[in-house]
Amino acid sequence: MSESIRLKQVSKRSAQSDSDGVRERLREIGAEIKGKLEVLVPLQAQLRKHQDELRSVKSAQRDMPVQNEEDLDSQMQRLETSLMHDSLPLAEEKRIVRKLRELKLSRESVKALSTARESVAASKGARDELYASVKDLSSEVEVLKSQEGVLRTAFEKMKSVERDIEEVIKRVDLNRLVI
């Protein structure tokens, strides 16, 4: 009977040793995940900032009557020529004058949009590189999380085996005491 208990205790120690190794690997993977997330989160924030800038520029482009200063000058020139050389009804002249005023007032906005568009275009390479880094790190984190899940399942099975062995040892001990 005592030989049986000794064998079970050896089995239990072996199972504990195995589960300790898995537990340590789980800690290592957890630390790796944490480290990668510490790098990934700020990169994702930078990428969101770039994407917000791009959306902002695109939105501003949709709202602008013209896209650049050349178009603005061309449109203003066309309207001024029409005012000076065409015989127009008063209502049409007023509409053209209002449109000219709007275009003159929009010059600074057009300049700002051009500058923003150039900035977004200049940062495209950085944005693409950032996107690739975020994608790579995200993939690495997913792989690590997958490994962690597999190890966690194995760890739970090992702990279950340890509990089963412990139960067998307790029953054998109880039977030994009863006999």
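Guide: Gln51 counts as partly exposed, with a relative accessibility of 30%; here buried means under 20% relative accessible area, exposed over 50%, and partly exposed in between, using a 1.4 Å probe and protein chains only. Please keep in mind that this is a predicted model, in which local features need pLDDT of at least 70 and side-chain atom pairs count only at pLDDT 80 or more, while totals for chains, interfaces and linings use all residues. Residues are numbered from 1 along each chain as its sequence is written, and side-chain values use heavy atoms, with hydrogens and water left out.

Visitor: Which helix is Gln51 in?

Guide: Gln51 belongs to helix α1, where helices are DSSP runs of H or I with at least four residues, strands are runs of E with at least two, and both are numbered from the N terminus. Across 76 residues of chain, the C-alpha atoms of Gln51 and Arg127 are 8.4 Å apart.

Visitor: How far does α1 reach?

Guide: With 62 residues, α1 spans 87 Å from its first C-alpha to its last, which is close to the expected 92 Å; the expected span is 1.5 Å times one less than the number of residues. Its buried residues include Ser19, Leu26, Leu40 and Val57.

Visitor: What does Ser19 touch, then?

Guide: Leaving aside residues up to four places away in sequence, Ser19 touches Phe155, Met158, Lys159 and Glu162, a contact being heavy atoms within 4.5 Å. Ser19 counts as buried at 0% relative accessibility, and its side chain reaches the backbone oxygen of Gln16 at 3.0 Å. The rule for such a polar contact is a pair of N or O atoms within 3.5 Å; within protein, one must be able to donate a hydrogen and the other to accept it, and residues adjacent in sequence count only if both atoms are side-chain atoms.

Visitor: Switching to α2, which of its residues are buried?

Guide: In α2 they are Leu72, Gln75, Met76, Leu79 and Ser82. Looking down the axis of α2, these buried residues fall within an arc of 125°, so they line one face of the helix; the arc is taken from the directions between the helix axis and the C-beta atoms. The face turned away from the buried side of α2 carries the exposed residues Glu70, Arg78, Met84 and His85.

Visitor: What caps the N-terminal end of α2?

Guide: Asn68 does, with a side-chain oxygen 3.3 Å from the backbone nitrogen of Glu70.

Visitor: OK, now α3: which residues are buried there?

Guide: The buried residues of α3 are Ile96, Leu100 and Leu103, and they cover an arc of only 65° around the axis, which puts them on the same side of α3. They pack against α2 and α4, whereas Leu90, Ala91 and Leu105 are exposed on the other side of α3.

Visitor: What does Leu103 touch?

Guide: Not counting residues up to four places away in sequence, Leu103 touches Pro65, Leu72, Gln75, Met76 and Leu79. Leu103 is buried, at a relative accessible area of 1%.
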